[in-house]
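Take your time with this one and keep the 3D view open while you read.

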Amino acid sequence: MLKRLKHLSTVRIIALGFAVVILLGSLLLLLPFSVREGVELQYIDALYTSTSAVCVTGLIAVDAGDTFTYVGQAILAALIQIGGLGVTAVGAGVILAMGKRVNLKGRSLIREAMNLDSGKGLVLFIRSIFVTTLIFEVLGAAASYLVFSRDYSPLRALGISLFHSVAAFNNSGFDILGNNQSLIPYRHDVLLNLITCVLIFFGGIGFLVIREMWQKRLRWKRLSMHTKVVLSASAVLIAAGTVMIWLTEKVDWLAAFFHSVSARTAGFATYPLSEFSQAGLMTLIVLMFIGASPGSTGGGIKTSTFLVLLLGIKSAATNSSEKAFRYSLPKEAFRKAAVITLLALGVVLVSSWLMIVLEPQLRFIDALFEMVSAFGTVGLSTGITAGLSVPAKLLSIFVMYIGRLGPLTIASLWYFNHGERIHFPEGNIAIG
């Protein structure tokens, strides 16, 4: 078995690692100490919940607060943490904690999983990931406790605060408040809304960006092109999303801002999305599809992909070079961005069609919203998740898995490089 693993490609090992954690998580959630007394949990719902947690999505077939015991909720939080950091990063962290060295295969896995350009300084990078995560989640839990302690006993408030901080920083929209209410009871609580948004934002911009911001003390001129792209694209998307949601829905500015941030792969809601207009849902769909940034805990096609795509289109339309922040874009950047976007669109459209075939009673906008949410590992829903049939839930599980790994990674699983032996002459084809 170990010999076979050594011969597997990096992306296949990562994909297999996520699948194994999902299956183990589903079995743990089924155990008696994980499920509340009197609650019957079907395996498909345990598998769905485990997939949603490991893929840091937040779509729920059963309510986490009403279904699982404190032990089950702790297991759920652990699955979210593993999924957010990445199976390979967690594995490397365990190896380092045991005082052992990460071998070349392990370094290759980490570099691939975290979208790093080189393997230089990987050990220090892994340590910085864990330290960064610990700092944000502890501070987030402490700040959240100030809110939850008003409504719950000290011990229960601490548990909810820790879970919420882990879920928010890892961009997973799970909550354990019960009654399928997400954060609706706290829609007017400015402190909790802002705390959650801060955790989501930093979890979604990526560990590389956080580290660079810290090292260079937020001096804009000293930041790399990647960091400038991520921060600029994130700010523009949040601002545009806030305005568009406020214009289309009967919500205040705080709620519009919160949903604009949350739609970028977090999945918390302070208003029932079933009451949103179709224009509002379309706004959220676009934000969910774009998602977070590379090397982060979030999904989607990523902010940098979206910006590179726009710059490439502008370059083709104006016959100018592709550049941003006084840097020229790499030659292959637009091609890769276009491939990722087309693959993502293919996944979303095909899965939405299948969802309607499996659940013909659904509105198209609800099916599309659900599949984009699953692909973007967001967790927002118009309320159809719990009522889906087993085949529809399996479809959603598969889409969440694709979304967490990325469509390009999934496509490369079937790629075998045997080398091209035949070369054909270049032909002409009309485009546009």
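**A walk through the model**

Helix α2 (residues 10-30) is the biggest contributor to the nonpolar patch, giving 5 residues. Before going on, know that you're looking at a predicted model, where local features need pLDDT of at least 70, side-chain atom pairs count only at pLDDT 80 or more, and totals for chains, interfaces and linings use all residues. Residues are numbered from 1 along each chain as its sequence is written, and side-chain values use heavy atoms, with hydrogens and water left out. Helices, by the way, are DSSP runs of H or I with at least four residues, strands are runs of E with at least two, and both are numbered from the N terminus.

Take leucine 27 as an example: it sits in helix α2. Leucine 27 counts as partly exposed because its relative accessibility is 48%. The rule here is that buried means under 20% relative accessible area, exposed means over 50%, and partly exposed is in between (1.4 Å probe, protein chains only).

Now for the charged pairs. A salt bridge here is a side-chain nitrogen of Lys or Arg within 4 Å of a carboxyl oxygen of Asp or Glu, and the count comes to 5 salt bridges. One of them joins the side chains of aspartate 45 and lysine 393, at 2.6 Å from N to O. Aspartate 45 is in helix α3 (residues 43-54) and lysine 393 is in helix α18 (residues 390-405), so this pair ties together parts that are 348 residues apart in sequence. Are these two partners buried or exposed? Aspartate 45 counts as buried because its relative accessibility is 10%, and lysine 393 counts as buried because its value is 7%.

Another salt bridge links glutamate 212 and lysine 216, whose closest N and O atoms are 3.6 Å apart. Here glutamate 212 is buried, at 12% relative accessibility, while lysine 216 is partly exposed, at 24%. Then there's arginine 335, which forms a salt bridge with glutamate 332, with 3.5 Å between the closest N and O atoms. Arginine 335 counts as exposed because its relative accessible area is 57%.

A cavity is a set of points, on a 1 Å grid over the protein atoms alone, where a 1.4 Å probe fits but cannot get out; lining residues have an atom within 4 Å of a point. Points are joined across faces, edges and corners, and the volume is the space filled by probe spheres set on them. How many cavities of 30 Å³ or more are there? The count is 2.

The largest cavity holds about 90 Å³ of space. Its lining is made of Asn171, Ile200, Phe201, Gly204, Ile205, Ser234, Ile238, Val261, Arg264 and Ala292. α10 (190-205) and α12 (225-248) each supply at least two of the lining residues, and α10 has the largest share, with 4. Sorted by class, this lining has 6 nonpolar, 3 polar and 1 charged residues. In that sorting, Ala, Val, Leu, Ile, Met, Phe, Trp, Tyr, Cys and Pro are nonpolar, Asp, Glu, Lys and Arg are charged, and the others, Gly among them, are polar.

The second largest cavity has about 50 Å³ of space. Residues lining it include Phe148, Phe163, His164 and Asp175. Helix α9 (residues 154-169) gives the largest share of this lining, 3 residues.

Valine 56 has a positive phi of about 40° although it is not a glycine. You'll find valine 56 in the loop between α3 and α4 (64-67), and it is buried, at 0% relative accessibility. Lysine 302 also isn't a glycine, and its phi is positive too, near 90°. Lysine 302 is in the loop between α14 (278-290) and α15 (303-318).

Notes. On a 1 Å grid over the protein atoms alone, a cavity is a set of points where a 1.4 Å probe fits but cannot get out, and a pocket is an open set with protein on both sides within 12 Å along at least five of seven lines; lining residues have an atom within 4 Å of a point.
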